[in-house]
Number of protein chains: 2
Amino acid sequence: MTIHDVARLAGVSAATVSRVLNGAGHPVREDTRRRVLEAARLLDYYPNRLARSLLRRETAVVGLLVPDVSNPYYAAILRGAEDVAHQRGLAVMLCNTDRDPTKQRQALRTLLEHRVDGVIVAGGTLTAADLARVDGRVPVVAVGRHPARVPCVRVDNVQAARQACRHLLDLGHTQVAFLAGPPSSYTARDRVRGYMSALREAGVRPDDGSVVWSEFTAQGGYAAARQLLDRCQVTAVLACNDQMALGALRALWEAGLRVPADVSVVGFDDTPAAAVSVPALTTVAVPTYEMGRRVMELLLALRAGHRASGVVLPAELKVRESTAPPRGGPYASVGRGKTRPEGREATCRHP
Amino acid sequence: MTIHDVARLAGVSAATVSRVLNGAGHPVREDTRRRVLEAARLLDYYPNRLARSLLRRETAVVGLLVPDVSNPYYAAILRGAEDVAHQRGLAVMLCNTDRDPTKQRQALRTLLEHRVDGVIVAGGTLTAADLARVDGRVPVVAVGRHPARVPCVRVDNVQAARQACRHLLDLGHTQVAFLAGPPSSYTARDRVRGYMSALREAGVRPDDGSVVWSEFTAQGGYAAARQLLDRCQVTAVLACNDQMALGALRALWEAGLRVPADVSVVGFDDTPAAAVSVPALTTVAVPTYEMGRRVMELLLALRAGHRASGVVLPAELKVRESTAPPRGGPYASVGRGKTRPEGREATCRHP
DNA sequence: TTGTAAGCGTTATCAC
DNA sequence: GTGATAACGCTTACAA
């Protein structure tokens, strides 16, 4: 079933069929056009994009590298990117890398062999060598800060984490711990730096072991919090993402600690689960879906030959129910003792 | 940068380069092979799969249709499918459809134009017409029950929901509500049927309005639970997935109801969040990741010409902390009043 | 307005 | 063992 079959049925040449189907402004007599369209419909003809791509040297496919789609953070980014792509008629080829350099390299090779029109790297980082390999072949853009010279869409994680930490310090906390994501994550490292710098600014010396590195998952947060409770006395916990925060909430509860009465907890990202947890999670909202959209737009602009550079999107602290002044602190009476709202007009908002 | 460049540099013909690079058993002299490999490395040559696919009539790409990757259920399936695909050297092209028939049809067309070697439909359903269109072009398989004749990997949702509901009935509940997913979802409908049949078997007549249809999200579950509380008196809530259950937990808490003391809640799927919520969610574990793997294996078997048929995987009820006998029921003293475990050896398991 | 023909980068089929 | 050569299905000058 090729363009020639359609041509034969319509009694025209393949070239004419191509012109009708691509409608690229080339003049075609109206009744020829109709005959071609009808023939294509009858034969249920699908043009072969491989052939077209081979000739045109572009595939209308973009590649997307993520550590793990099961992580809601990347799923949201992917969704945003995909929405833009589909809207513009492009397809998306997805690769999970688990931040594994080998898998990353393999995935990149696959994408390049398939001659994708561009690559988006979300979380995880290409080495300079990988990047040199891509050089001149297709544009590459990133979500989140990228060590190599790649235009990227991101939030200022250092700043955001600093703000979250300051929120806790402002409430009067002095024992603030940080549940960090995997050290291989740039995002995790930036958030740790923000946390550190907020402490430093406030003149607070963090305890040894107040930073626990773990996985970006609920179980990771749970395990990290347990470890933390074994060795430190803390009144506030800042987690590297919402899932970790949720895991920490559970660990604290198991330890007989109430949130926020005994310990305050702050998450990161503002995933849907954060809004409905009990207590609802104070968290730094990161516009993941929008980042996905923007990074795809950035890539497409680059592909179209426009010169475009990265963007820094705003992250915003959302104070909900999981933070309060520490027990016995100077403002301890503020916002205390009402861990359960009176009635239905509570804090959970409908987007 | 083509195979000819490599050939020229190595001082051989393109055919020889192809033979070396594909190593498909064709004999090549050892030092020729080395020269070719060296030339390819030097030029950093990536074979063009478009050309190869065009000739071979297979692309080593499979298409995956999901309603929404942001839903952890589909993300897990996708991850499973992708792991198998990559392991076998295949790429995955992803399309989000939002269960929208138009988007579904568009996505399918895109995939077919790109000449994917097969299509996996997860959630959402192809019409008979769509399927006829695919007929004979590429194999199609589904995750979850599919109305049209498509081999599928699934769990028995009717049975699973019945079991979950029976768990509540066995505890002594008689007022069991169901928070259903969107009616366009086969899974949602099957789960409703299982719920209904359990009630029927137990001789319980459900109240009008004890089934509330909503979205497969935390907000959906939250809203549905609010609606439910406005019009019914219930002692147990069965939710169509974990996110909905988590939303319901929140709504109940806001209404001043304790779980499980006042109301029991059961989720579905056993996502990571379910294990760490407070109380930890009793839920029906669905092997989503495994389903993803299996459906990809099924597709590849079909593609390889083997005749293979669908599988029904087991779902298993995991009783955790969110269910207990109803207040004042015959077994009301069992499992009551210990909503907080004594110590650290609590129920949260590390996978 | 339409047709002819070249060629995109591979690989399979023949020769040698 | 290796090299020509002819496809694969399409688009696009160029000709008519």
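**Exercise 1.** Which base atom of DNA strand C does a backbone N or O atom of A51(B) lie 3.3 Å from?

*Solution.* The model is predicted: local features need pLDDT of at least 70, side-chain atom pairs count only at pLDDT 80 or more, and totals for chains, interfaces and linings use all residues. Residues are numbered from 1 along each chain as written, chains are lettered from A and ligands numbered from 1 in written order, and side-chain values use heavy atoms, without hydrogens and water.

Step 1. Start from the backbone of A51(B). Its N or O atom lies 3.3 Å from a base nitrogen of DNA strand C.

Step 2. Turn to the phosphates. For S18(B), a side-chain N or O atom is 2.6 Å from a phosphate oxygen.

**Exercise 2.** Find how many residues surround DNA strand C, and sort them by class.

*Solution.* Step 1. Count residues with a heavy atom within 4 Å of the strand. There are 27, and R19(A) and Y45(B) are among the closest.

Step 1. Sort them: 12 are nonpolar, 9 polar and 6 charged. Asp, Glu, Lys and Arg count as charged; Ala, Val, Leu, Ile, Met, Phe, Trp, Tyr, Cys and Pro as nonpolar; the others, Gly among them, as polar.

**Exercise 3.** Describe where chain A meets chain B.

*Solution.* Step 1. Take contact as heavy atoms within 4.5 Å. Then 75 residues of chain A touch 75 of chain B.

Step 1. Count salt bridges (a side-chain nitrogen of Lys or Arg within 4 Å of a carboxyl oxygen of Asp or Glu). The count is 12. One joins R250(B) and E321(A), at 2.6 Å from N to O.

Methods
A polar contact is a pair of N or O atoms within 3.5 Å; within protein, one must be able to donate a hydrogen and the other to accept it, and residues adjacent in sequence count only if both atoms are side-chain atoms.
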